Amino acid sequence: MEAEGEKIHILETPTDFYQQLVHGIDRATSRIAIASLYVGSGETDLIAHLEAALSSRRQLQLDILVDHMRGTRPDKDQSSTATLLSPLAIQFPERVRIAFFQFPSVNPARTLVGPRFNEAFGLQHIKAYVFDNDVIVSGANLNSDYFTNRQDRYILIKDNPQLASHFSKIISKISTYSNTVSPTNPGEIVRHSHSLADMKQGLKQLTGTYSTNKPLHIRPSASDPETIITPLFQAGPLNMLEESQAFENILKNAGAEGGEGASVVISSAYFNLPRRFHDTVLKSRAKYQFLLAAPEANGFFGSKGISRHLPFAYTFLTHEFWKKVLANGKQDQIEIREYFRKGWTYHAKGLWISAPGKHPHMTMIGSSNYGYRSLNRDLEAQVVIQTRNVDLQKRLGENLHKLQSYSHRVDEKTFSLPERLPNLFVRIATRIIKGML
């Protein structure tokens with residue numbers, strides 16, 4: 001779908017993201033559609049803005065889609081997304097739908113683990129925020145750290161009815177296959193049973209905007225629309241694989257441009273690139289940079305319980321990839337950088353492609369970390385933006401440079417530091433559960 005470069009706004013900071021969320025809520029007149037992993041149970045101010053909007057605009061419809069396991073898991077105060085949002089559904093039963101998506105259980109192991117680890121089997125991971133005809137596409141959830149000191153990416157596309165309707169449709173359709181908040185009993189979840197086959201049949205209409213024959217990698221020519229946005233939807237358990245097909249297609253074709261020095265930057269908070277993508281990168285002639293979270297910038301760093309090992313699991317996986325880079329003699333062509341900013345965590349994900357000496361002419365942004373679980377287990381949504389708008393290209397480049405400015409290059413010397421050496425438990429466990437990370 002076509003877009004105008006001047007109507008695409010790159011938000012830089014968590015504060016910018018929150019301010020635009022509030023601005024969108026306060027100005028929306030017909031629809032608000034929200035997809036997030038969860039809404040933090042302490043986000044009462046955000047809910048107050050939603051309540052005020054619904055009270056003052058009687059035509060306004062609100063859809064909120066979150067993950068069932070994450071959205072119903074109570075915090076230490078026994079509060080959750082469900083208890084936070086329930087009053088909206090009770091107060092405005094005809095205009096508010098709060099949905100909690102969960103894939104039907106097909107793995108008996110789900111019954112043997114606690115609620116937190118149940119999330120490893122698959123999540124609603126889409127992050128998109130629609131306000132009338134404006135859309136924020138991001139990887140950020142709705143919680144205080146995402147509004148203060150957790151760096152993510154956020155792009156606001158204004159006045160694009162086609163894109164807004166696309167994401168509204170995704171959120172609405174998935175909601176029909178989700179559990180819902182009771183409109184009468186606070187905090188109660190009404191369960192709805194659906195098979196994977198039913199879901200696949202019902203959700204297949206969400207795909208089709210991308211074709212594997214579409215040359216997403218090609219630099220826009222003068223005959224192309226100024227800016228093109230291609231939405232992507234991924235649901236591995238339903239064999240809906242637009243995102244992974246597009247990602248692989250882009251990597252392969254970027255390599256075909258390698259003779260001209262094509263530059264590819266891939267950012268992920270949780271690096272666990274599937275082997276087929278590994279191989280494509282290692283065979284490519286393009287120049288690659290991976291912008292990842294340093295262990296201290298991983299959101300699980302310093303957490304309690306088993307999750308405290310996760311930053312070191314991802315470091316282990318990164319080191320395994322780096323050893324392949326060295327074995328293939330690609331260390332001058334492939335660079336790994338880690339984001340570290342004191343007091344901040346890193347959650348940004350996406351891809352940028354640039355011509356030699358130029359700002360990016362293409363980017364991917366959305367919920368995916370491009371890992372095994374994004375490929376096979378979670379619901380994901382992204383957009384690919386291709387543009388020949390010079391100002392937008394410049395702004396994309398400036399945003400990328402700002403992220404890079406807090407990063408440093410890592411190599412074998414870094415991975416050999418004592419604090420980087422994973423213990424035996426991490427090495428064994430990571431290999432076993434790699435497909436869930």
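Predicted model: local features only at pLDDT ≥ 70, side-chain atom pairs only at ≥ 80, totals over all residues.
User: What share of the 437 residues is buried?

Analyst: Buried residues make up 57% of the 437.

User: Why is phenylalanine 247 called buried?

Analyst: Its relative accessible area is 1%. Buried means under 20%. The value of 1% falls under that cut-off, so phenylalanine 247 is buried. This residue lies in helix H8, residues 242-256.

User: Which residues does phenylalanine 247 touch?

Analyst: Leave aside residues up to four places away in sequence. Phenylalanine 247 then touches Ile266, Leu273, Phe277, Leu351, Met364 and Tyr370. Contact here means heavy atoms within 4.5 Å.

User: How far apart are phenylalanine 247 and isoleucine 433?

Analyst: They are 186 residues apart in sequence. In space, they are 23 Å apart, C-alpha to C-alpha.

User: What makes E2 and E11 edge strands?

Analyst: Look at the order of the open sheet: E2-E9-E7-E6-E3-E4-E5-E10-E11. This sheet has nine strands with mixed pairing. Strand E2 (8-11) and strand E11 (189-190) each pair on one side only. That makes them the edge strands.

User: How do you know that E6 and E7 pair?

Analyst: A pair needs at least two bridges between the strands. Strand E6 (residues 128-131) and strand E7 (residues 134-138) have four bridges, in the antiparallel sense. Alanine 128 stands opposite valine 137 in E7.

User: Which helix lies across E2 and strand E9?

Analyst: Helix H12 (residues 390-404) does, running at about 10° to E2. Strand E9 covers 154-157.

User: How do helices H9 and H10 pack?

Analyst: Helix H9 (residues 275-283) and helix H10 (residues 310-327) pack at an angle of about 35°. Their axes are 11 Å apart. The crossing is right-handed. His278, Val281 and Leu282 in H9 meet Phe321, Lys324 and Val325 in H10.

User: What kinds of residues form the contact of H9 with H10?

Analyst: They divide into four nonpolar, one polar and one charged. Val, Leu and Phe count as nonpolar, and Lys counts as charged.

Definitions and conventions: Residues numbered from 1 in each chain as written. Heavy atoms only, no water. Axes fitted to C-alpha atoms, helices over the stretch in contact; angles between N-to-C directions. Helix = DSSP H or I, 4+ residues; strand = E, 2+ residues; numbered from the N terminus. Left-handed = near helix turned anticlockwise from the far one by under 90°. Buried < 20%, exposed > 50% of the residue type's maximum accessible area, 1.4 Å probe, protein only.
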